[in-house]
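Okay, thanks for coming, everyone.

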Amino acid sequence: MVFLSVVNFVRSRGPDEFWRKRKIFRLAAHYIGRRRNCYSVTIKMVHRALVYATKGRKLRKDDIRDLRDTRIIAGCDQHDIKYPDFKEGLLRCNILLNRKSLSDLAAWEPYSFKALTDIAKQKLQEDGLNVTDPPTNVITRGMLK
Amino acid sequence: MTTLKRVQQWATFARIWHVFDASWQNPFDSAQLLKKYLLGLYKPIYHPMNDCGDHVIVINCSDVALPGEEWKKRVYFHHTGYPGGASWTLAHELHKKDPVLILKKAVYNSMDGNLQRRYTMERLHLFPDANVPAKLMGNVSNQIRQIRPIPKRLDHYTQKEIEEYPKLIDYPKDYILR
């Protein structure tokens, strides 16, 4: 069931039954038992697998997004700021980092992440929002004037 | 690997032991809090496939406070597997049987049902009172903040505090208090 060359793969297109089935069996090469040997079972399993693969493309993106959110929330909790507040603060500072960057910073660059939370908190405090534990080490343009 | 990096790695990946005082806490809200520590959700290095959960010791489980009418209304279901083996236990009955079970079930049900759940529960150590073996208590390096303050009962105030408590009116002399 294995194509040893591109030539065989090209030959497997066409009306011939053997070659048509061979394409399906190729996809089921790693299955166990009748799933890989009996065509009527194999075709069902392969169709199913392809449907799963289609759905999985969307689910994988959702899972990664959830994981990144979890990591950012964990980072925010360490610095006493809520995730929505943090995002709002960054947005108002025009810091447009996406989830991937923020979660990577939270995991690998904790000091950079802390700096971001400080900036967000300072901005929120200047805009008159309620901030617990405002930072003292952020210097803004308003202070310098 | 420098000494700093070695220590940093150790500090990042070591299992931490937390202690939580469950007295007067809502077990279902507490479960959501404890879950974060048991699964390691509070760490920015969290990943479902990496084993970064911590140990949590919960003391005073017998003093949990269920909200509203839950002691009378909440029912725990159990089935032995045999025909007619179903049984329903009220929360106060279950609490009398084993004072840690309500919190244990709350935490267990707060987590997703997967193969890891049983092993995660192994890291939760529940005690009905504050008597924790010294062997466990020696590991503890963090205390989890309670969700709400413990209310102070009237009989815990001194007579002086009660008399000096600020009040809006004095009752008239001839007013009959019942």
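Let's begin with a pair of side chains in chain B: B:Lys72 makes a salt bridge with B:Glu69, and their closest N and O atoms are 3.8 Å apart. Before I go on, keep in mind that this is a predicted model. So, buried or exposed, what is B:Lys72? B:Lys72 counts as exposed because its relative accessible area is 55%, and the cut-off for exposed is over 50%. B:Glu69, at 46% relative accessibility, counts as partly exposed.

B:Gly68 is exposed, with 73% relative accessibility.

How many does a search of the whole structure find? Over all chains, the search gives 16 salt bridges. As a general point, side chains with opposite charges can pair when their charged atoms come close.

Another one in chain B joins the side chains of B:Glu164 and B:Lys160, at 3.7 Å from N to O. Both B:Glu164 and B:Lys160 are exposed. Now over to chain A, where A:Glu88, A:Arg92 and A:Asp127 are joined into one network by salt bridges that share partners. One of those bridges is between the side chains of A:Arg92 and A:Glu88, with 2.8 Å from N to O. Where are these two in the fold? They are four residues apart in helix H5 (residues 83-92) of chain A, so about one helical turn separates them. A:Arg92 is partly exposed at 37% relative accessibility, and A:Glu88 is partly exposed too, at 31%.

Okay, the surface next. Over in chain B, B:Leu168, B:Ile169, B:Tyr171, B:Tyr175 and B:Leu177 make a nonpolar surface patch of about 670 Å². Take B:Ile169 from that group: you'll find B:Ile169 in the segment after helix H8 (159-163) of chain B, and with a relative accessible area of 59%, B:Ile169 is exposed.

The largest pocket holds about 1200 Å³ of space. It is lined by 33 residues, and those nearest its centre are A:Ala74, A:Gln78, B:Tyr42, B:Lys43 and B:Pro44. Which elements give two or more residues to that lining? From chain A it's helix H4 (39-78), helix H6 (99-108) and helix H7 (110-126), and from chain B it's helix H1 (3-13), helix H2 (27-39) and strand E6 (140-143). H1(B) gives the most, with six residues. Sorted by class, the lining has 17 nonpolar, nine polar and seven charged residues.

Then there's the second largest pocket, at about 520 Å³. Of its 19 lining residues, B:Leu39, B:Tyr46, B:Pro48, B:Asn114 and B:Gln116 are the closest to its centre. H2 and helix H6 (116-121) of chain B each put at least two residues into the lining of this second pocket. By class, that lining comes out as eight nonpolar, six polar and five charged residues.

That's my tour, so over to you for comments.

Key: Residues numbered from 1 in each chain as written. Chains lettered and ligands numbered in written order. Predicted model: local features only at pLDDT ≥ 70, side-chain atom pairs only at ≥ 80, totals over all residues. Heavy atoms only, no water. Buried < 20%, exposed > 50% of the residue type's maximum accessible area, 1.4 Å probe, protein only. Patch = residues over 30% accessible without salt bridge, like charges linked within 9 Å, V, L, I, M, F, W, Y side chains within 5 Å. Areas by Shrake-Rupley, 256 points an atom, 1.4 Å probe, with all protein chains shown as cover. Salt bridge = Lys/Arg side-chain N within 4 Å of Asp/Glu carboxyl O. 1 Å grid on protein atoms, 1.4 Å probe; cavity = no way out; pocket = protein on both sides within 12 Å on 5 of 7 lines; lining within 4 Å. Points joined across faces, edges and corners; volume = space filled by probe spheres on them. Nonpolar A, V, L, I, M, F, W, Y, C, P; charged D, E, K, R; others polar.
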